[in-house]
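Here is a short walk through one protein chain. Keep the sequence and the 3D view side by side as you read.

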Amino acid sequence: MREYVIGIDVGGTNIKMGLFDGSMQLVSELKYPTDKDGSPTELMNYLAQQVQGMVEKAGLTMKDVRGVGAAFPAYVDFKRGMTLESANLVALNDQPVREMLGSRLDVPVFVDNDANVAALAEHRYGAGRGYDNLIYATLATGIGGALILNGQLFRGMHGMAGEIGHTFISDSIGYPCSCGVTGCVHSISSGFYMARYAMDRIKEGEESRILDYAGTLSNIDLLAVGRALQMNDPLALEVVNRGAEYLGRMFHNLNQIFDINIFIYGGGITNLGHRFTDRMIASYRHHSLVDQKYPAKFLAAELGERAGIIGAGLLVQ
């Protein structure tokens, strides 16, 4: 009986895999570095080899596997099983990954993007349990998201629904983004651009302990910003408040469009702590016309790094 499912989370830095039993209990998991320079064929060969190895190590064969779900950091056409465009793994642009991986494993394969599968996992087993409608946001090096509407993942017409990071938020600030817009929330509030803003302010002559923790300008990241924030560094506080303010505005816009006020958030930026999340939530409440009547719930994601493999496993029908 084909009872087991496998979830694969292909990230820009690491590839994670999980083997689950019929009750979605984790049997084993693996983690490998991602070869960003590999071709699509090489990546699919590698994924297939690791899947087969994990199954054999568990004392099983592929005949025991009901299917494989795989998440990619890309726009994904779920119906066609194609990765359309990826900023982190450019080689995956316009690739029939479902067919490529399925032919190597000879089991049903389902593919989706990383934010969608994380939302599925949080909705089923994490902070989103019990809510039929929610917006999931990843606040990390980039800003991403997904929508759960009426208890179902909503992918949109082309599989691109939930790309909240590239919603236009300002015509006066922000960096030019790869999406073609200057002023999307990603270009202001993502970890990458928050760190870049700190770097530019120091280049302009602003004194800050951020540089003490980073060592050099080129090494400035959110870890250094966070350490300086703990010391009440004025620039660190400015960087954090600026990023949080525009994320609050983004959530307000999403609430106005979808009439959903359940927000699940996770990702590395949240490691900045309560001063960041409190300011983000305060920004939302300041701009919201209806929050006093219908208070929003901002809920921290619960599943951590395993959300991707759990959600990918849930793709298997």
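Start with a pair of charged side chains. Glu-302 and Arg-129 meet in a salt bridge, 3.1 Å from N to O. Glu-302 lies in the loop between β12 and α10 (307-314), and Arg-129 in the loop between α3 (114-125) and β8 (134-139), so the pair ties together parts that are 173 residues apart in sequence. Glu-302 is partly exposed, at 48% relative accessible area. Arg-129 is partly exposed too, at 45%. Bear in mind that this is a predicted model.

Side chains of opposite charge can pair when their charged atoms come close. A search of the whole structure finds 12 salt bridges. One of them joins Asp-77 and Arg-80, at 2.9 Å from N to O. Here Asp-77 counts as buried, with 15% relative accessibility. Elsewhere, Arg-201, Glu-204, Glu-206 and Glu-238 are linked in a network of salt bridges.

Now move to strand β1, where Asp-9 is found. Its side chain meets that of Lys-16 in a salt bridge of 3.8 Å, N to O. Is Asp-9 buried or exposed? Asp-9 is buried, because its relative accessible area is 11% and buried means under 20%. Lys-16 counts as buried as well, at 17%. Beyond its neighbours within four places in sequence, Asp-9 is in contact with several residues, among them Asn-14, Ala-71, Asp-114 and Gly-308.

Next comes helix α1, residues 40-57. Its 18 residues reach 26 Å from first C-alpha to last, close to the 26 Å expected. The buried residues of α1 include Leu-43, Met-44, Leu-47, Val-51 and Val-55. Seen down the helix axis, the buried residues of α1 fall within an arc of 165°, so they line one face. What covers them? The cover includes β1 (4-10), β2 (14-20), β3 (26-33), β4 (65-72) and α2 (97-105). On the other side of α1, Gln-49, Glu-56 and Lys-57 are exposed. After the helix comes Gly-59, whose phi is positive, near 80°.

Finish at the surface. Leu-289, Val-290 and Tyr-294 form a nonpolar patch there, with about 330 Å² of accessible area together. Tyr-294 is found in the loop between α9 (274-287) and β12 (297-300). Another loop, between α8 (234-258) and β11 (262-266), holds Asp-259. Asp-259 is exposed, with a relative accessible area of 67%. Its C-alpha is separated by 20 Å from that of His-166, 93 residues apart along the chain.

How values were computed:
Residues are numbered from 1 along each chain as its sequence is written. This is a predicted model: local features need pLDDT of at least 70, side-chain atom pairs count only at pLDDT 80 or more; totals for chains, interfaces and linings use all residues. Side-chain values use heavy atoms; hydrogens and water are left out. Helices (H or I, at least four residues) and strands (E, at least two) are DSSP runs, numbered from the N terminus. The expected span of a helix is 1.5 Å times one less than its number of residues. Buried means under 20% relative accessible area, exposed over 50%, partly exposed in between (1.4 Å probe, protein chains only). The arc is that of the directions from the helix axis to the C-beta atoms. Contact means heavy atoms within 4.5 Å. Patches are made of residues with over 30% relative accessible area and no salt bridge: like charges are joined within 9 Å, nonpolar side chains (Val, Leu, Ile, Met, Phe, Trp, Tyr) within 5 Å. Accessible areas come from the Shrake-Rupley method with a 1.4 Å probe; for residues, only the protein chains shown count as cover. A salt bridge is a side-chain nitrogen of Lys or Arg within 4 Å of a carboxyl oxygen of Asp or Glu.
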